[in-house]
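Me: I have a structure open and would like to go through it. Can you take my questions one by one?

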Amino acid sequence: MSNPAPVTDWVHDFDHTDPRWTDNPFPIWDELRAKCPVVHTDRFLGVYLPTTYEAVKEISYDTEHFSSRRVVVRNVRPEPPQPAPPITSDPPTHKPAKQILLPPFTPDATVKLEPRVRAICNELIDAFIDQPSVDAAAHYTKHIPTRAIAHMLGIPEKDGDLFIKWIHEILELGIHDDAVLMRAVGDMTAYFAEQIEARKIHPTDDLISTLMNARDKDGRPLSDEHVQGSLRLLLIAGIDTTWSGIGSSLWHLAKTPTDRERLIAEPELLPTAIEEFLRAYSPVTMAREVMKETTVSGCPIKPGNMVLLSFPAANRDPAVFPDADKVIIDRKENRHAAFGLGIHRCVGSNLARMEMLVAIEEWLKRIPDFRLDPSRDMKWSEGTVRGPRQLPLLLGKAA
Ligand code: HEM
């Protein structure tokens with residue numbers, strides 16, 4: 001696969017996989033927002049990018065002109081890939097598919113999972129707390145949501161490395177390489193087919209069985225394909241996203257000692273700070289396919305193109321968030337869009353918030369002093385989900 005040409009004109013030729021975007025997209029979005037609320041690139045077979053909160057909101061709520069049948073911007077656009085309901089569903093099939101997923105993710109259900117998540121965090125910290133340094137992405141942040149969702153689904157927590165490999169192939173390598181994407185989706189489907197077959201013989205009380213026992217609006221069981229699609233979605237939606245959210249929060253605290261000291265002194269501020277980390281370092285950018293001609297914030301939009309639906313750019317819009325590029329851990333008004341807007345708003349937001357809170361709380365309790373390791377590289381993921389994939393930290397007080 002040849003490397004795409006570097007961007008020289010962000011307004012007319014942006015590329016969300018350009019290394020400068022991956023490293024630090026914020027000044028790019030500021031530049032674009034100042035010029036036009038919706039820009040376009042011919043790359044990736046034609047993509048619009050809304051950069052204001054208003055334009056992102058307009059598109060999110062407009063399911064007539066914008067479809068979710070494709071939710072990742074890629075170099076190829078074959079027939080829509082295997083569905084993963086409800087994220088790839090449009091009305092009217094979206095609502096019933098979403099309702100099936102809601103009960104396991106209520107605040108009450110999430111509270112029950114909290115002790116396991118706290119235990120996971122402490123088991124992970126035990127393994128490196130005596131070392132002078134750690135790659136927190138490899139040894140901490142990535143394992144928390146992976147083990148939590150495996151626990152909920154009733155699959156072995158040790159299969160986590162496999163899930164992370166598939167997600168990397170689907171969300172990052174798959175942007176440029178269809179074969180890698182299709183293989184990963186196939187492997188994941190085969191894995192869940194085996195899990196479903198096992199439960200047909202020996203039913204369990206985990207999330208896979210819950211989905212297998214669910215009924216659609218006409219009282220019929222879901223097809224195996226529907227259950228598999230939703231399971232693939234939960235794994236993909238639940239891991240990379242929260243891994244990124246925890247990682248960006250730790251990264252911020254590693255380089256901002258005043259915020260770290262304040263959160264240690266005032267732990268009751270942590271939920272507010274987590275909302276600010278979610279706003280400022282929003283992990284998830286989704287996509288839509290333009291189905292019919294329309295306008296957004298006065299800009300013409302043509303079918304045949306995709307939309308890069310940047311909730312992260314919306315969250316940096318100074319028209320809605322004063323000092324949008326500053327991280328203010330006690331920000332009062334913070335109706336951010338990190339979990340999406342409109343009918344596809346995140347099913348797992350309670351779980352994600354709990355995991356982020358517990359992960360940072362346990363870390364600060366046991367490792368109050370830490371900073372970025374200047375001798376090793378930090379690395380951000382590319383594409384749909386943004387977060388640290390290498391996060392080298394020095395542990396303990398500076399000498
Ligand atoms: C910090 C962590 C997370 C962030 C930032 C996040 C963000 C998002 C966003 C922006 C959407 C909207 C997608 C769209 O408009 O197309 C979404 C949807 C979704 N998320 Fe999350 N998510 C997170 C964690 C989770 C977790 C832990 C789960 C479950 C295990 C989850 C499950 C889902 C599902 C099932 C949908 C699809 C909802 C629908 O289509 O109606 N997410 N998420």
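Reply: What follows covers the sheets and then the ligand. This is a predicted model, where local features need pLDDT of at least 70, side-chain atom pairs count only at pLDDT 80 or more, and totals for chains, interfaces and linings use all residues. Residues are numbered from 1 along each chain as its sequence is written.

Me: What is the strand order in the open sheet of five strands?

Reply: The order is 1-2-8-5-3, with mixed pairing. Strands are DSSP runs (E, at least two residues), as are helices (H or I, at least four), numbered from the N terminus. Two strands pair if DSSP finds at least two bridges between them.

Me: Which strands stand at the edges, and why is one side of each left without a neighbour?

Reply: Strand 1 (38–41) and strand 3 (66–67) each have a single partner strand, so one side of each has no neighbour in the sheet.

Me: How do strand 2 and strand 8 run, parallel or antiparallel?

Reply: Strand 2 (residues 47–50) and strand 8 (residues 306–310) run parallel and are joined by two bridges. V47 has M306 as its bridge partner in strand 8.

Me: New topic. Which residues are closest to the ligand?

Reply: G238, G340, H344, C346 and G348 are the closest of the 27 residues that surround the ligand. A residue counts here if its C-beta atom, placed from the backbone, lies within 6 Å of the molecule.

Me: Which helix gives the most to that shell?

Reply: Helix 12, with seven residues.

Me: And the other sheet, what is the order of its three strands?

Reply: The order is 4-12-9, with antiparallel pairing. Strand 4 and strand 12 (residues 392–395) pair over three bridges, and V134 stands opposite L393 in strand 12.
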